[in-house]
Amino acid sequence: MTNATETTVAAADRPVLLSLEHAKKSFGGNCVLEDISLKVSEGQVVAIIGPSGGGKSTLLRCATMLETLDCGNLSYGDLKVAQSEPSGKAVYADKKVIQEAKMRFGLVFQNFNLFPHYTVLKNIMDAPIRVQKRNKAEVEEQARKLIAKMGLEGKEDMVPCELSGGQQQRVAIARALCMNPEVLFFDEPTSALDPELTQEVLKVIRALAAEHMTMVIVTHEMGFARDVADHIIFMADGVIAEEGPAEELICNPKTERLRSFLSKIAD
């Protein structure tokens with residue numbers, strides 16, 4: 001396996017919404033991402049799996065601009081967010097392009113990251129009104145529909161501490177969806193939840209997949225990844241060690257590294 005790994009995620013007949021090319025990221029002297037390339041097309045669900053410390057969350061943080069790339073190219077559709085100079089160093093676009101790119105994706109964190117003193121409704125409505133400058137009545141109508149979709153009717157005026165972890169995560173998903181993103185990222189969305197609450201959240205994500213929402217999901221839920229994702233990327237030691245169609249990769253791993261990983265995961 002070479003370090004430079006091109007994925008085959010993109011479907012030829014659908015627009016590419018996210019493109020990452022030759023991405024590298026180090027922290028101090030520790031290389032966390034080594035020459036990672038991937039493309040995600042409209043309507044696809046891509047799951048990223050692998051051992052802790054393999055680079056999964058760093059890849060997501062670089063794709064969502066929470067971290068900056070050392071080297072490589074990052075684009076959202078026609079927006080070139082970062083491009084490598086001849087030296088290889090990644091140079092980022094101006095603030096306007098960055099802000100426009102950030103409007104094209106939503107991010108759901110493993111620890112919810114809700115505003116603790118905002119109600120459910122205000123948590124969902126805040127960014128569309130404040131950041132996107134949208135009409136309050138329009139945003140509220142959408143927010144209430146999302147609350148119903150997430151099975152949270154009657155919780156509109158509650159604050160996060162009054163909700164279960166599963167309910168908080170569903171509020172976080174509704175908040176991300178209210179921004180009308182083209183791509184939705186999930187960083188281990190069920191890792192802070194017990195098994196029963198995990199199933200609540202996975203049910204919501206399955207429903208979004210059925211609606212052809214474009215998603216990139218870092219997860220340890222192998223059965224969920226196999227059943228819901230179109231494509232799975234297995235990361236280990238900062239590289240894409242194996243990738244392919246979801247069921248094929250989980251049921252018929254080609255590398256010993258992936259076979260070893262799957263044998264240790266109870267699902």
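Me: Which residue of β7 stands opposite A82?

Reply: A82 stands opposite Y92. This is a predicted model, in which local features need pLDDT of at least 70, side-chain atom pairs count only at pLDDT 80 or more, and totals for chains, interfaces and linings use all residues. Residues are numbered from 1 along each chain as its sequence is written, and side-chain values use heavy atoms, with hydrogens and water left out.

Me: Why are β6 and β7 called paired strands?

Reply: Pairing takes at least two DSSP bridges between two strands. Three bridges join β6 to β7 (residues 90–92), so the two count as a pair. They run antiparallel and form a hairpin with five residues between them. In that turn, G88 has a positive phi of about 100°.

Me: What joins β6 to β5?

Reply: Three bridges do, between β5 (residues 71–76) and β6 (residues 79–84), and these strands are antiparallel. The labels come from DSSP runs numbered from the N terminus (strands are E, at least two residues; helices are H or I, at least four). Y76 has L79 of β6 as its bridge partner. Two residues lie between the strands of this hairpin, where G77 takes a positive phi near 60°.

Me: How many bridges link β11 with β12?

Reply: Six bridges link β11 (residues 231–236) to β12, and the strands run antiparallel. H231 is bridged to P245 in β12. The hairpin has two residues between its strands, and D237 in the turn has a positive phi of about 55°.

Me: Why is β12 described as largely enclosed by the rest of the structure?

Reply: Strand β12 (residues 239–245) has seven residues, and because five of them are buried, the strand is largely enclosed by the rest of the structure.

Me: What makes D126 count as buried?

Reply: Buried means under 20% relative accessible area, exposed over 50%, and partly exposed in between, with a 1.4 Å probe and protein chains only. D126 has 12% relative accessibility, so D126 counts as buried. This residue is in helix α3. Beyond its neighbours within four places in sequence, D126 is in contact (heavy atoms within 4.5 Å) with F115, Y118 and V131. Between D126 and F112 there are 14 residues in sequence and 15 Å in space, C-alpha to C-alpha.

Me: Is G50 buried or exposed?

Reply: G50 is buried, because its relative accessible area is 0%. G50 is found in the loop between β4 (45–49) and α1 (56–63). Residues up to four places away in sequence aside, G50 touches K56, H220, F234, M235 and F261. F261 is 211 residues from G50 in sequence, yet 7.3 Å from it in space, C-alpha to C-alpha.

Me: What makes a set of residues a nonpolar core?

Reply: The members are buried Ala, Val, Leu, Ile, Met, Phe, Trp, Tyr and Cys residues, joined through side-chain atoms within 4.5 Å. The largest such core here has 52 residues, of which I49, I173, L184, F186, L208, M215 and I232 touch the most other members. Helix α6 (residues 195–210) gives the most to this core, with seven residues. A second, separate core has 33 residues, including L38, A63, A90 and V216.

Me: Which residues does M215 contact, apart from its neighbours within four places in sequence?

Reply: M215 is in contact with Q44, V45, V46, L184, F186, I205, L208 and A209. Of these, L184, F186 and L208 are, like M215, among the residues that touch the most other members of the largest core.
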